Amino acid sequence: MFVVESNQVPEPDSRMTIGGPVLVTGSCLGGYRANGLGHGVWATVTVADGDSTNEVTDKAVALLDAGFDKVCLQVNSSRSLAAAASIAQAYPQRIALRLWNGESASLSKLASVSAFAGQLHAVILAVDSLSAPSVAALVAECPKSTSLVLDIGGSAVEYSDIATASKTGASLLLRDSVLGYTADSPTATIEPGRAFAACLNTDRPDGLFATVIVDEQRTTLGVAYSSVESIAESFRTATGVYQSRSRGGLWVKGLTSGATQRVFRIDADCDKDALQFVVNQQDPGFCHLNTRTCFGPDSGITALEATLRSRRANAPAGSYTARLFNDTNLLHAKIIEEASELCEATDKDEIAWEAADLIYFALVKAVANGVSLADIEGHLEKRAKKVTRRAGDAKPGALEKVAAAAASKAGQDKVVSATTAAPAAQTAVVEKQEIKLRIHSHSSLSEDEKTALLQRPILDLKEISSRVTPIVQAVRERGDDALVELTAKFDNVKLTSTVLKAPFPQHLIDEVKPAVKAAIDVAFANIAAFHKAQVSDSTLSVETMPGVVCSRFSRPIDRVGLYVPGGTAILPSTTLMLGVPAMVAGCKEIVVASPPRKDGTPVPEVVYVADKIGAGTIVLAGGAQAVAAMAYGTKSVPKVDKIVGPGNQYVTAAKMALQNDTQAMISIDMPAGPSELLVIADNDSNPAYVVSDLLSQAEHGVDSQVILVAIAPTSEFLAAIQQELATQGEALPRRDIVRVSISKSYILTVESRDAALEFSNKYAPEHLILHIEQPESTIPQIQNAGSIFVGPWSPESCGDYASGTNHTLPTYGYARMYSGVNTDTFLKHITSQTLTMEGLDLLGDTVTTLAEIEGLEAHRNAVAIRLKDIRAKKI
């Protein structure tokens, strides 16, 4: 092809189409946009005879690190070759060599660099003639894998010279003073587009070149044809211009439709008979069907970028999408959250999932600030061209933060109030965003904004289900073998047995400390007392009319599975909350599933509770695989009839899928989502208590949401709340989790208690706490809530552990139609009816009439045949 020698810096927004490398010389190096053209810019370093290898290397490395594609070493004599040879060897195919003028013949000069074979990218050589034989001889002498660029100096160059050099395997060096358009420059004799076309060849009778059009990410948009004229016009205008075969003229893309193209670069293929145009395509796209490509819908990261641009322009006010684009704190929290989850991911699928989440929110950040994928890729390309490498160390303090976060998961720090805070000198330095709630005024919000506040973060159940389905299928088809494999994959635990059968090993129970056993025993007694009170031993019996008696009575579900999340966490409370009601209900077989510890054994506290509730089996697995094992049953895991218990999004997806699988034949307790809490407080409430309740749920996970509905709050009250959040929140071991969940939460100020209760009923929280005067009086107005905590001395934590109520509650707004786990969860209700002869005689005509209307003759006849006998006896 050809190389352009330039002493000018292009304007940042200049319309340029590049068809080959640009060799930059002179003082313009410092200001040249090294990655702006995207096709390769070569920077020149002059090597004087006295320059040391280190001096030259430092200059070359600095330019390569700045993003220049190649560095061209201008050697003034054969004595300078040693320094050049050393650099070319260190950075193969990144160095070009411009040989000196005079002193020796061209062939001799090439012979002097024969040792550079495989290392030099190109050699620039001054020549006097461009005859085909002489050019061919020079190409033959050029080192292997090295391009030859011929410099004819100030001699006039014709298009035929460019073609001759190209056909023999060489390129010409064209100075920008002669390359251009006569209308713009009186010295211009060579048009860039025609020079490029002179290097091409075609065997088509019409002389056209097949052309592939791609975007900046190399996604194929479509195919067209180019001619010498259309190529010349594309170079001149930097727009997509092609040859129309049907109309026989030039086709300027988007001239009538508005879907124009800016052409950044044009490349020829290896045979120089087909082209690739790299363009920026304007909407609606390249295809005449108004799609972005001619090959169906766009996909991958380019489709995501387009989707985000559209969402940014069209997202409804107050929607989650609009908040992401407009609420910097929320978006930053999501990026931190996803980065953290990616760091914690271990298996291939999980890493891919979390990486996709991080890329999504990073791209939201980019689109929100007008940054394109092309901008990002430009920086990546520039980094790829760097030749020096950083030491690889993290920024100061970063490793310490990671270590501290890991340690805090296992540690227990003291929770302090603003009124008892430690001295300032002992307070940790806050380097991340402040733990602070956003404040909304109910009276100033539009109806759409009020509705948006009721929404929870959107869960992509379709995507989650696509990952859960193969797990469930593997357990259904391969049973215990799949359970062992999946536990090794997801929990990094190699099981020797998938279950633990009762009686459970005493040594595990003995690992539980006496104080912990005593606490569990108290909680067990309270939970049992409350759930036993829910059981009615009597049969409901109603005589609906004389001789017609209807009854209803309960029976325990025979086999139930209790899912207890865990692994490294210790969750005896969930085992209690699920197991005690199952025991009280009288379930014959109780199966507990919980992830094992790293040594393959269950958490001792879970074993202790499982023993107390009379469980027969502990499944040593978690996640969707444990749910599937209990649903289908395996050689070692008993099949159950109902599965209850909280879990992550994969557990929830597995439960919901399996309840619709007729092969599994199970029911579940309820759908589940992230933990949530709503507090209604007035100015007389204690800010320290209010905040402690908010944080007790905020620390559950980054997806948790807590809401404070403040009734006519004073500015002093709100300030006290924010101060307590900062003080208590920063003192928590899980403060980084709290920081993220608080960013998704808010304070809503309302004018009255009725307005607060109205909002709460619409939100339908999992937990509702009443920090108000005479809280008991409001209970009749509460229609939707999982569990209510009444007054300042009823912290939500008591319900979580030991007061007696159940902590497995509906989330995500499901409190509108679901109840929390209770004794009835483990019961089924059966009805019966007994009719006497007199009763059937009274009711029979009603039934036959209704059955006849519905066209169910057998139904009618079953009654009519009896009525005939009854009434025959009366005659």
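How many of the 875 residues of the protein count as buried? The share is 47%, where buried means under 20% relative accessible area, exposed over 50% and partly exposed in between (1.4 Å probe, protein chains only). The legends below go with a predicted model, in which local features need pLDDT of at least 70, side-chain atom pairs count only at pLDDT 80 or more, and totals for chains, interfaces and linings use all residues. Residues are numbered from 1 along each chain as its sequence is written, and side-chain values use heavy atoms, with hydrogens and water left out.

**View 1. The protein as a whole.** Welcome to the overview: the protein has 28 helices and 29 strands. These elements are DSSP runs numbered from the N terminus (helices: H or I, at least four residues; strands: E, at least two). Among contacts in the protein with a separation of 6 or more, 70% come from residues 24 or more positions apart; contact means heavy atoms within 4.5 Å.

**View 2. Helices H18 and H19 pack at an angle of about 10 degrees**. H18 covers residues 572-585 and H19 covers residues 604-613, and their axes are 9 Å apart. Axes here are lines fitted to C-alpha atoms, for helices over the stretch in contact, and angles run from 0 to 180 degrees between N-to-C directions. The angle makes H18 roughly parallel to H19 (under 35 degrees counts as roughly parallel, over 145 as roughly antiparallel, 65 to 115 as roughly perpendicular and the rest as oblique). On the H18 side, look for Pro-572, Thr-575, Leu-576, Gly-579, Val-580 and Met-583; H19 contributes Glu-605, Val-606, Val-609, Ala-610, Lys-612 and Ile-613. These contact residues divide into eight nonpolar, two polar and two charged (Ala, Val, Leu, Ile, Met, Phe, Trp, Tyr, Cys and Pro count as nonpolar; Asp, Glu, Lys and Arg as charged; the others, Gly among them, as polar).

**View 3. Helix H17 has a buried side.** H17 runs over residues 514-532, and its end C-alpha atoms are 26 Å apart, which agrees with the 27 Å that its 19 residues should span at 1.5 Å a residue. The expected span is 1.5 Å times one less than the number of residues. Ile-520, Ala-523, Phe-524, Ile-527, Ala-528 and His-531 are buried in H17. They cover an arc of only 135 degrees around the axis, which puts them on the same side of H17; the arc is that of the directions from the helix axis to the C-beta atoms. H18, H19 and helix H26 (796-801) are included in what covers these buried residues. Turned away from that side are the exposed residues Pro-514 and Ala-515.

**View 4. Helix H2 also shows a buried side and a face turned away from it**. Within H2 (residues 81-90), the buried residues are Leu-81, Ala-83, Ala-84, Ile-87 and Ala-88. Their arc around the axis is only 160 degrees, which puts them on the same side of H2. The face turned away carries the exposed residues Ala-82 and Gln-89.

**View 5. Helix H22 is mostly covered**. Ten of its twelve residues are buried, including Val-690, Val-691, Asp-693, Leu-694 and Leu-695. The cover over the buried residues of H22 includes strand S24 (676-681), strand S25 (705-711), helix H23 (715-731), helix H24 (735-743), S27 and H26. H22 (residues 687-698) reaches 16 Å from its first C-alpha to its last, close to the 16 Å expected.

View 6. Asn-761 sits in helix H25 (residues 753-763) and is buried, with a relative accessible area of 15%. Beyond its neighbours within four places in sequence, Asn-761 is in contact with Gln-781, Ile-782, Gln-783 and Asn-784. Ala-764 belongs to the loop between H25 and S27; its phi is near 55 degrees, a positive value in a residue other than glycine, and it counts as buried at 0% relative accessibility. Thr-778, in the loop between strand S27 (767-771) and strand S28 (787-790), is likewise buried, with a relative accessible area of 0%. Not counting residues up to four places away in sequence, Thr-778 touches Arg-753, Leu-757, Leu-770 and Ile-772.

View 7. One joins Asp-283 and Pro-284, with omega about 5 degrees; Pro-284 is in the loop between strand S14 (274-281) and helix H8 (300-314). Another runs from Ala-502 to Pro-503, with omega near 0 degrees, and Pro-503 lies in the loop between strand S16 (499-501) and helix H16 (506-510).
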